[in-house]
Amino acid sequence: MATAAAHQAYGTTEDTADTGAYERAFDAAVAADERIEPRDWMPDAYRATLVRQMAQHAHSEIIGMQPEANWITRAPSLRRKAILMAKVQDEAGHGLYLYSAAETLGTSRDELLDKLHSGRQKYSSIFNYPTLTWADVGAIGWLVDGAAITNQVPLCRCSYGPYARAMVRICKEESFHQRQGYELLLALGRGTPEQHAMAQDAVNRWWWPSLMMFGPPDDESAHSAQSMTWKIKRHSNDELRQRFVDICVPQAESLGLTLPDPDLRWNEERGHYDFGPIDWTEFKEVLKGNGPCNEQRLTQRRRAHEEGAWVRESAAAYAARHTSRTDGASKPGETGATRA
Amino acid sequence: MTNTDWPLWEVFVRSRRGLSHTHAGSLHAPDAEFALRNARDLYTRRGEGVSIWVVPSSAITASSPDEKDPFFEPAADKPYRHPTFYEIPEGVKHL
């Protein structure tokens with residue numbers, strides 16, 4: 001029996017005659033480091049976890065366009081402006097890769113966007129902080145994208161095939177994002193005393209929120225253990241956070257900037273940098289919606305969606321008329337652009 | 001909130017001449033022309049391709065993962081289709 005649509009999700013547990021055998025096959029595939037593909041049987045909870053994580057990830061990419069787009073019109077040179085536009089466009093692209101990957105699990109684009117707009121699905125709380133100066137564009141590239149890369153590189157080996165493939169593509173592109181941010185801060189750091197101070201101020205404000213991007217400490221992380229068993233996640237939050245701190249300290253030294261943590265020092269015994277306590281109260285408050293920009297980000301997203309409605313509608317109307325005129329068929333996508 | 005249910009398209013990209021098109025991902029678009037343009041913007045921002053195909057996802061017929069074993073089984077017991085099946089005396093060249 002062949003089934004239409006390569007992406008069509010496989011039935012849920014209720015539809016299957018012998019769940020036990022399917023579950024054993026799934027567990028064996030995960031244990032053998034094989035990838036799970038869209039139409040394979042998978043536990044409902046695995047599917048739900050992936051939808052939640054991938055949706056949140058996709059939402060973060062498109063909400064993340066806002067704080068940086070804030071500076072496009074005020075970029076200090078054409079070079080910086082072109083770079084920033086390319087970066088913001090990449091973030092849109094990353095969102096689209098991830099939405100497509102999430103849709104292979106049986107959810108729809110409209111459903112995902114509705115859940116973002118109504119606050120039922122979240123995005124990374126880092127984007128609820130404001131970009132107050134031009135140096136923030138550099139700090140976001142270096143620290144926020146740097147933390148994202150540290151989180152995302154292991155996701156390239158995630159057990160769910162479409163998610164892993166999307167992450168491979170994203171990680172390749174993120175590297176440019178981080179380097180442009182670092183270069184921007186370097187230019188400011190070597191500039192006038194005012195420029196140096198502006199760079200330092202941006203790093204001071206973005207450092208701690210960047211460390212929070214790795215999520216709560218391991219002993220308080222609700223989903224970690226199960227995600228590790230399913231190989232959606234490969235390293236714990238604290239492990240990745242430590243890796244990021246170790247990477248950043250020498251990079252900050254090369255920038256001639258300091259990290260705002262008096263407890264930051266090399267621990268010979270552990271072979272890692274020790275760092276001070278993170279203010280998890282702030283993290284929880286921002287997560288709850290009480291960050292500086294939560295309201296602004298969602299309002300702007302909803303407005304962009306509503307104001308784009310006429311574009312979507314006219315494109316659909318054009319497509320319908322064009323299709324019926326060319327071949328009389330009402331089926332979408334038969335205008336023959338796929339010739340080799 | 002207004003949504004428009006644009007169909008899903010699968011995107012295949014030829015990375016350079018001499019290679020076949022490879023599946024890159026999927027996207028939504030109202031028609032084939034827009035699907036091609038969106039695919040260009042989404043999957044070839046860094047010169048990843050010299051040619052793109054877009055195919056409506058609904059037009060793809062896929063084998064079922066459920067019967068993967070019986071479906072592919074006929075190939076499993078025919079080792080003589082592989083060159084390594086054959087024993088050739090040592091020293092025989094170009095074979």
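## Terms and model

The structure described here is a predicted model.

## Overall form of chain A

Chain A contains 13 helices and three strands. Its radius of gyration is 22 Å, close to the 20 Å that the globule rule gives for 340 residues, so chain A is as compact as a globular protein of that length. Taken along the principal axes, its C-alpha atoms fill a box of roughly 70 × 50 × 40 Å.

Of the 340 residues in chain A, 51% are buried. Among the contacts in chain A with a separation of 6 or more, 77% are between residues 24 or more positions apart. The accessible surface of chain A comes to about 15900 Å², and carbon and sulfur atoms account for 55% of that area. The chain carries 39 positive and 46 negative side chains, and the centres of these two sets lie 6 Å apart.

## Overall form of chain B

Chain B has two helices and four strands. Read from the N terminus on, its elements follow the order β-β-α-β-β-α. The C-alpha trace of chain B spans about 70 × 35 × 15 Å along its principal axes.

Buried residues make up 31% of the 95 residues in chain B. For contacts in this chain between residues at least 6 apart in sequence, 40% join residues at least 24 apart. The accessible surface of chain B is about 6500 Å², with 54% belonging to carbon and sulfur atoms. Its charged side chains comprise 11 positive and 13 negative ones, and the centres of the two sets are 12 Å apart.

## The largest nonpolar core

The largest nonpolar core holds 95 residues, and within it A:Trp142 and A:Tyr160 touch the most other members. Helix H7 of chain A, which covers residues 161–189, supplies the largest share of this core, with 10 residues.

The surroundings of A:Tyr160 can be listed residue by residue. Leaving out residues up to four places away in sequence, A:Tyr160 touches A:Ile36, A:Glu37, A:Pro38, A:Met42, A:Tyr46, A:Leu50, A:Met54, A:Ala101, A:Thr104 and A:Leu105.

A:Cys156 is located in the loop between helix H6 (135–152) and H7 of chain A. Not counting residues up to four places away in sequence, A:Cys156 touches A:Arg35, A:Ala164, A:Met167, A:Val168 and A:Cys171. The C-alpha atoms of A:Cys156 and A:Ile170 are 9.2 Å apart in space, while the two residues are 14 residues apart in sequence.

A:Arg205 belongs to helix H8 (residues 193–212) of chain A. A residue is partly exposed when its relative accessible area falls between the buried limit of 20% and the exposed limit of 50%; A:Arg205, with a relative accessible area of 25%, is therefore partly exposed. Apart from neighbours within four places in sequence, A:Arg205 is in contact with A:Pro130, A:Leu132, A:Thr133 and A:Asp136. For A:Arg205 and A:Asp136, a sequence separation of 69 residues goes with a C-alpha to C-alpha distance of 8.7 Å.

## Exposed residues and positive phi angles

A:Leu78 is found in helix H4 (residues 78–103) of chain A. Its relative accessible area is 72%, so A:Leu78 is exposed. The C-alpha atoms of A:Leu78 and A:Val245 are separated by 33 Å, and these residues stand 167 residues apart along the chain.

A:Lys231 has a phi near 60°, a positive value in a residue other than glycine. Its position is in the loop between helix H9 (224–229) and helix H10 (237–255) of chain A. In chain B, B:His94 likewise has a positive phi, of about 60°, although it is not a glycine. B:His94 lies in the segment after helix H2 (68–72) of chain B. With 84% relative accessibility, B:His94 counts as exposed.

Notes:
Residues numbered from 1 in each chain as written. Chains lettered and ligands numbered in written order. Predicted model: local features only at pLDDT ≥ 70, side-chain atom pairs only at ≥ 80, totals over all residues. Heavy atoms only, no water. Core = buried A, V, L, I, M, F, W, Y, C linked by side-chain atoms within 4.5 Å. Buried < 20%, exposed > 50% of the residue type's maximum accessible area, 1.4 Å probe, protein only. Contact = heavy atoms within 4.5 Å. Rg over C-alpha atoms; globule rule 2.2 N^0.38 Å. Areas by Shrake-Rupley, 256 points an atom, 1.4 Å probe, with all protein chains shown as cover. Lys, Arg positive; Asp, Glu negative; His and termini not counted. Charge placed at Lys NZ, Arg CZ, Asp CG, Glu CD.
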